[in-house]
Amino acid sequence: MLDLLSLKAVSKKYGIKQALNNVNLNIKSGKIVGLLGPNGGGKTTLIKIVVGILKQTDGVVTIDGVEPGDITKSYVAYLPDKDFLDENMSIGDTISMYADFYNDFSSKKAYELLEDLKVPFKSKIKTLSKGNREKLQLILVMSRDARLYVLDEPIAGVDPAARDYILKTIISNYNKNATVLISTHLIADVEGILDEAIFIRDGEILLHDMADNIRNEKGCSIDEYFREVFKC
Amino acid sequence: MLGKLIKYEFKQMKFVLLVTAIGLAIITGIVICLGIVPMWIFGRNDIITETLAIFLTGISALIYLFILFVAGIGMYIYIGVRFYKTMYSGIGYFTNSLPIKRHELILGKVIPAVIIQTIVTTMIIASGALIFFGYTVSKDGFEDLMLNIARLTGVMLSDSGIRNLGIALGLTFVGISSIIQMASIIMTLFLSVSVGQLFNSNRILMSVIAFVVMNRVFSAIDAIIRFIIEVLVDKAYRYNGSAFNLIFMILTMALNIIILVICYTVSYYIIKNKLNLE
């Protein structure tokens, strides 16, 4: 099977600070991959490069054989770790906008998922609670039939009930032929859904393996192994 | 995709445009009521009423000029802030993840901004014209209205040298030149914001500094070009004020086009290679 996402000798420098150092990765289709590491380890930088909103200093990135740009953005669904919605827009208008710009977006699916939140579609985004805003952002991303879903810290800063909702939404709604790349430092919450795990620290990949292999070889859970590797 | 971007940009900006239009209509009404109607009612026949009318006209003229300044400059500030918010703050994550070319992204911001600014400028001119007509009518009556308009138009056209082109061509020239100038200011604003986002802190302050510096540099270049032209232009033209003004207007337009192209190119480079989202 061809690699969906490929990074070859990718490095990124912010001034003199080395954010990524010679990163090599190959990820195939149909996997849920955890990008795991401590804060400041390079997860968000790597993700920004993959989704095409940051340019690497060195190396080559390809998604389905194409370098990140306007073409890949049509099949990569990205959930940033920031609030990216225009709070003056209504929920309905935001869904229409997604449908207008992304050919793979399903308004029907978005409205179905939104019914769980029990918020009126005409209400403005600024009237939503922080938790509901995050859920809406996730719904918008997961309502796309993308080839690669890139989710940056989707469960950080939300209560445990909301975490369950978010993980359930991800598992039940992603295109099964697609790959989901989830960045997080809350390993215990996501471990159960991961096919592969990548450990990243100081901009370098420490480990990339199947989740089952890590558990079998190390004789512990990924969460426990993560704590061991990244202990202060 | 560019069409969709422009559509959404207008949708987001229409509220501010509406508020500006209502604000201008109200202030125009107030100025007419306060400054022109008393002259109409009291006339200018006795000292007390004339003094009162002049006082009210003066006050309303000051308020009016202030409001025009706020409307004109305020819209530019709004356009700059909106560009920052939608391109480089949280919403920027959405904007920059859209499957559209970067040229479309910039044009999708510039075109609606220029159109909105043109509409606001047109509203300001219309408001000014309404007050001018009202003032003229209350002062000299209907009989002299057309004469006063002709005088004003004549002065404006001959001073700027446009009369040499003919009224229709002259006004078209002024219109195009104004739109290019607005586009150039807006693109300079966008470039300053793009430069400001390169910094990790004090981004707004750095954007303002970048804008001031760029403006000073462009003004200096403009002054140098004017000086060179003044030296080079034939004496026969130098003493013909209107022809000289026309040459300068064409030069200003050319300079604005160059500024527009430079700012667009540098902004494109920054968005493509130096994007630094919050």
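This is a short tour of a predicted model, from the whole chain down to one pair of residues. Residues count from 1 along each chain as its sequence is written, and chains are lettered from A. Local features need pLDDT of at least 70 and side-chain atom pairs pLDDT 80 or more, while totals for chains use all residues.

**Whole chain.** Select chain A. Its C-alpha trace spans about 50 × 35 × 35 Å along the principal axes.

**Secondary structure.** Colour by helix and strand: chain A has 8 helices and 9 strands. These are DSSP runs numbered from the N terminus, helices (H or I) of at least four residues and strands (E) of at least two.

**The sheet.** Six strands of chain A form an open, mixed sheet in the order 5-6-7-3-8-9; two strands pair if DSSP finds at least two bridges between them. At the edges are strand 5 (76-79) and strand 9 (204-210), each pairing on one side only.

**Inside the sheet.** Select residues 32-36 and 196-201 of chain A. These are strand 3 and strand 8, paired in the parallel sense over 4 bridges. Leu35(A) stands opposite Ile198(A) of strand 8.

Technical notes: Side-chain values use heavy atoms; hydrogens and water are left out.
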